[in-house]
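Hello,

Here is the structure I promised to pass on to you. Have a look at it first, and then read my notes below.

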Amino acid sequence: MKQPQSIRHYDHIGIRVSDRQQAVAFYEQLGFREMRRFDKYEANEMETPDGVRINLIFNATRVLHNRNILLDEPVKLPGVTHAAFVVDDLYALKGWLEQAGITITEGIHPIGPRRIALFIRDPDRNVLEFNQLLTETKIPFETPESVEVYPMKLYDLEVSGNCYKVRLFAALAGIELALEPVDFAAGAHKQSPLIDLNPWGEVPVLVDGDIVLRDSQAILVYLARQYGGHQWWPDGAAQQAEVMQWLSTAANEIQHGPNSARLIKKFGLPLDKESAMNVSTRVLQLIDRHLSSHNWLALGRPTIADCAVFPYVAVGWEGDVTLEQYPAIQAWVERIKALPGYIAMPGID
Ligand SMILES: N[C@@H](CCC(=O)N[C@@H](CS)C(=O)NCC(=O)O)C(=O)O
């Protein structure tokens, strides 16, 4: 159906506050002037010299603990959470806010390629965002010291299929990772600093700025969602669940089947070989049946589901779990190896 009218731009943003005097004084500090009062609506209208308007609505109850109920509570309620204003020079604003004693709740950082942003709160904890828009010739966030750029780091073990899942996906999706080899033989994964990052004492561990993640499946989800794009981690609930089924298979049957069999044969771990072989047979039969009518594990295209399941299936021969009986799996292995960006690991060519 055709839209009745095009929406041209914002007229104003309504901000509910609990203390009229305090709120008006705060927004005046930021350069808004009260232009109109709407007493019937317990509201006013304030405007900057550039014509940016807000309406303050004066009927808010003061919230205990000074929290913003849309942003600070663990249960997230729907609603418009904040206003974002454009300024010419965010660093000048930052300097002014510091002088004025207004707390900056989030310092200057890029949000996407289009803008850098900082956040403050008004006396009612309403969130205000300020943006400086970036153009191709003007990229101020590259220089200031206040913005730290972290290389993403993967604590890695070359012969680990779990680490390889992450390396493989990053290579296929063109995501840059700084590999940090872990001295497994010396038990580095059980000691500081790694044990502080992952109390499980396992690799892989991914560090992206202040985000620290263990578990290869979780890392795949994070990388795909954050950096990989829709191809690898879809938006729809049903599609995400379809991928998740296979991530669970990787963490369960593949872990206790081909992975365990390899740990026993190649690394001498005291696990139950018979159980590992039985689990392997069952899961490989299921996967082979699925792949006899599908090119990929989920969604009809390569996803992180393939990256999660592939390593220990393809390297299972090191634990006597071979693919001779599974022609559809063999063909899928070849399809994965033919993907652009594919990388190998020891035991898989
Ligand atoms: N669920 C974890 C398992 C990780 C895991 O078992 N990593 C092995 C190397 S492949 C490890 O670090 N083992 C050390 C240990 O168990 O002591 C994942 O998927 O990343």
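**What I found**

Strand β7 (residues 115–121) and strand β8 (residues 127–133) are paired in the antiparallel sense, with seven bridges between them. Within this pair, Phe-119 stands opposite Glu-129 in β8. Please keep in mind as you read that this is a predicted model.

β7 has a partner in β6 as well: the two run antiparallel and are joined by five bridges. Here His-109 stands opposite Ala-117 in β7. The hairpin of β6 and β7 has three residues between the strands, and in it Gly-112 takes a positive phi near 70 degrees.

These strands belong to an open sheet of four, with the order β5-β8-β7-β6 and mixed pairing. β5 (82–86) and β6 (104–111) each have a single partner strand, so one side of each is left without a neighbour in the sheet. On average, neighbouring strands of this sheet are turned by 20 degrees against each other, direction ignored.

Now to the way the chain is divided. The domain assignment gives domain 1 (13–142) and domain 2 (153–337). Their C-alpha centres, those of domain 1 and domain 2, lie 45 Å apart.

There is another open sheet of four strands, also listed with mixed pairing, in the order β10-β9-β11-β12. Its edge strands are β10 (178–181) and β12 (211–214), each of which pairs on one side only. Neighbouring strands of this sheet are turned by 20 degrees against each other on average, again with direction ignored. Strand β11 (residues 205–208) pairs with β12 in the antiparallel sense over four bridges, and Leu-206 has Leu-213 in β12 as its bridge partner.

Next, the helices. How do helix α3 (residues 161–173) and helix α5 (residues 216–228) cross? Their axes come within 9 Å and cross at roughly 15 degrees. α3 and α5 are therefore roughly parallel to each other, and α3 passes α5 in a right-handed crossing. The axes of α5 and helix α8 (residues 304–314) come within 10 Å, with a crossing angle of roughly 150 degrees. That makes α5 roughly antiparallel to α8. The crossing of α5 and α8 is right-handed.

Which residues surround the ligand? They are Leu-157, Ser-160, Asn-162, His-189, Gly-201, Glu-202, Val-203, Pro-204, Asp-215, Ser-216, Gln-217 and Ala-251. By class, this shell has four nonpolar, six polar and two charged residues.

Finally, a few backbone details to look up in the viewer:

- The peptide bond from Val-203 to Pro-204 is cis, with omega near 5 degrees. Pro-204 is found in the loop between α4 and β11, and Pro-204 is also one of the residues around the ligand.
- The peptide bond from Ser-192 to Pro-193 is cis too, with omega near 10 degrees. Pro-193 is in the loop between β10 and α4 (194–197).
- Glu-42, a residue other than glycine, has a positive phi near 50 degrees. Glu-42 lies in the loop between β2 (33–38) and β3 (43–47).

Enjoy looking around!

Best wishes

Definitions and conventions. Residues are numbered from 1 along each chain as its sequence is written. This is a predicted model: local features need pLDDT of at least 70, side-chain atom pairs count only at pLDDT 80 or more; totals for chains, interfaces and linings use all residues. A residue is near a molecule or strand if its C-beta atom, placed from the backbone, lies within 6 Å of it. Ala, Val, Leu, Ile, Met, Phe, Trp, Tyr, Cys and Pro count as nonpolar, Asp, Glu, Lys and Arg as charged, and the others, Gly among them, as polar. Domain bounds come from an automatic or database domain assignment. Two strands pair if DSSP finds at least two bridges between them. Axes are lines fitted to C-alpha atoms, for helices over the stretch in contact, and angles run from 0 to 180 degrees between N-to-C directions. Angles under 35 degrees count as roughly parallel, over 145 as roughly antiparallel, 65 to 115 as roughly perpendicular and the rest as oblique. A crossing is left-handed if the near helix is turned anticlockwise from the far one by less than a right angle, and right-handed if clockwise.
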